[in-house]
Amino acid sequence: MPNVQSLRCKECGRDYPEEPIYVCDFCFGPLEVNYDYDEIAKTLSRESIQDGPLTIWRYDQLLPASRDNAVNIGAGMTPLLKADNLGRELGLNNLWIKNDAANPTHSFKDRVVSVASTKAIEFDFDTIACASTGNLAGATAAHGAKAGMNTMVFIPADLESGKVLGAAIFGSVVLVNGNYDDVNRLCSELGDDRRWAFVNINMRPYYSEGSKSLGYELAEQLGWHAPQHVIVPVASGSLFTKVYKGLNEFASLGIIDSADTKMHIAQPFGCSPVAKAFVEKQAHPKPVVPDTIAKSLAIGSPADGYYSVSIANKTGGTGTIVPESEIAEGMKLLAETEGIFTETAGGVVISTLRRLVREGVIGPDQETVALITGTGLKTLEAIADSVETVTIDPTVRSFDDVVTGAAVG
Amino acid sequence: MAVTVKIPTPLRKLTNGETSVDTDGSTIGAIVDALELVYPGMKERLVDDSGELRHFVNIYLNGEDVRYLDGLASAVADRDELSIVPAVAGGLK
């Protein structure tokens, strides 16, 4: 049951009607969904949420689309796991992993695309589109298929086969001869004279609201309170700002008592404009040309970078730049301790966590959540050199020689 | 200092459709003030109430983002080229 009042410019506060638009005509600021919170407060409760479906749509009062006709392949309500093994390794007694790789297309992007595609149908679009390098491609293609919409997913032709095939299986991928910037430019031109719902362009105000569900779930799954620390992988910064927004909406609506969560930015050395701005006390991240193995974080000019730095400062959080060499280490550490195979972005998160503990930013008993936003199966190349296997002949002797022998010797 | 300023599509209503205009000023801030005199309404589109460049307005001085120079205080030389470019507020990806 949507309670949307308007779209409102995050910068100058001008209101706009609920349409597929995303930029303020006056000051070029981003538009954000503005809700009637008084109306929401009348009916929203822990019980009303718990009575809802086991997807992001249990929070539909705080989402900009109706769950009655949601494009739903099961996004959300992913496991929040107590990470005692990893905690022991790092010296933390109250560590949790939010495993968003457990979403239908194996990343948090299902949350945002479920909302964007539902809204696209409400707006009578018949085509849903995106430019992507991976996770968003799969999520958009899958939701487009479920919705029965024409789907146009544009990706660079030289992407890893896992990402290409993982999106193309849904039937609607266009490979573009060019790099990611070329793909983006093409999509902007295509969008100018076609009535398409580009999930991360003209649908962005609605799309990005889907990420708030991660914040809501953390609070609900922890037993209706906000954690003391959250570590978030940052690309555009949208997820970072929306997790914060979700926790704060819950607090202001009385669903939880308070939201004093310290928000921590995690970025890889090869693309760290937001963390760098935090460290250097700059309000505006300076754009960079990305060169990182964490490709899902490779946004050199992050749209919500400014807001992310501001939130990290406001909450007493931090910004961490993880050396590229520690990304695979972080992936291995999580895999070997908790049985979770994350993508490179998760490796950045785990290595950030390790650094924050060493620096004393996170105390041993403080409740901490690390966000794992995608699966390692999409970025196998990243760990090819750091994982070892043995090969034997199909004989016991060979097993004894190679495996047992290796173990003993 | 005579400089040429490139005007983006959304602001061309203020310049009567001109895509670039010539003006004078020794700093970016002075040029913004000079533009306001000739094209009333321009300044509030570029600068916020506290006098800072709006977060989603980029001004490039000979291709350099002035935010990473001295902002509105950045010095401008004769025949420099200025471009006003709205940030892609929505971003991509």
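A residue counts as buried if 20 or more other C-beta atoms lie within 10 Å of its own. In this predicted model, A:His106 has 21 other C-beta atoms within 10 Å and is therefore buried.

**Residues with positive phi**

- A:His106, although it is not a glycine, has a positive phi of about 70°, and this residue is found in the loop of chain A between strand 5 (95-99) and helix 4 (109-122).
- A:Met77 is likewise a residue other than glycine with a positive phi, in this case near 50°, and A:Met77 lies in the loop that runs between helix 2 (46-50) and strand 4 (80-82) of chain A.
- A:Met77 counts as buried because 20 C-beta neighbours lie inside 10 Å.

**Packing of helix 10 and helix 12**

- Helix 10 (residues 238-252) and helix 12 (residues 305-315), both of chain A, have axes that come within 8 Å and cross at roughly 45°, which means that helix 10 of chain A is oblique to helix 12 of chain A.
- The crossing of helix 10 of chain A and helix 12 of chain A is left-handed, and the contact is made by A:Phe240, A:Thr241 and A:Tyr244 on the side of helix 10 and by A:Tyr307, A:Ser308 and A:Ile311 on the side of helix 12.
- Sorted by class, the residues in the contact of helix 10 of chain A with helix 12 of chain A comprise 4 nonpolar and 2 polar residues, with no charged residues.

Definitions and conventions. Residues are numbered from 1 along each chain as its sequence is written. Chains are lettered from A and ligands numbered from 1 in the order in which they are written. This is a predicted model: local features need pLDDT of at least 70, side-chain atom pairs count only at pLDDT 80 or more; totals for chains, interfaces and linings use all residues. Axes are lines fitted to C-alpha atoms, for helices over the stretch in contact, and angles run from 0 to 180 degrees between N-to-C directions. Helices (H or I, at least four residues) and strands (E, at least two) are DSSP runs, numbered from the N terminus. Angles under 35 degrees count as roughly parallel, over 145 as roughly antiparallel, 65 to 115 as roughly perpendicular and the rest as oblique. A crossing is left-handed if the near helix is turned anticlockwise from the far one by less than a right angle, and right-handed if clockwise. Two residues are in contact if their C-beta atoms, placed from the backbone, lie within 7 Å. Ala, Val, Leu, Ile, Met, Phe, Trp, Tyr, Cys and Pro count as nonpolar, Asp, Glu, Lys and Arg as charged, and the others, Gly among them, as polar. A residue is buried if 20 or more other C-beta atoms lie within 10 Å of its own, exposed if 12 or fewer, and partly exposed in between; C-beta atoms are placed from the backbone.
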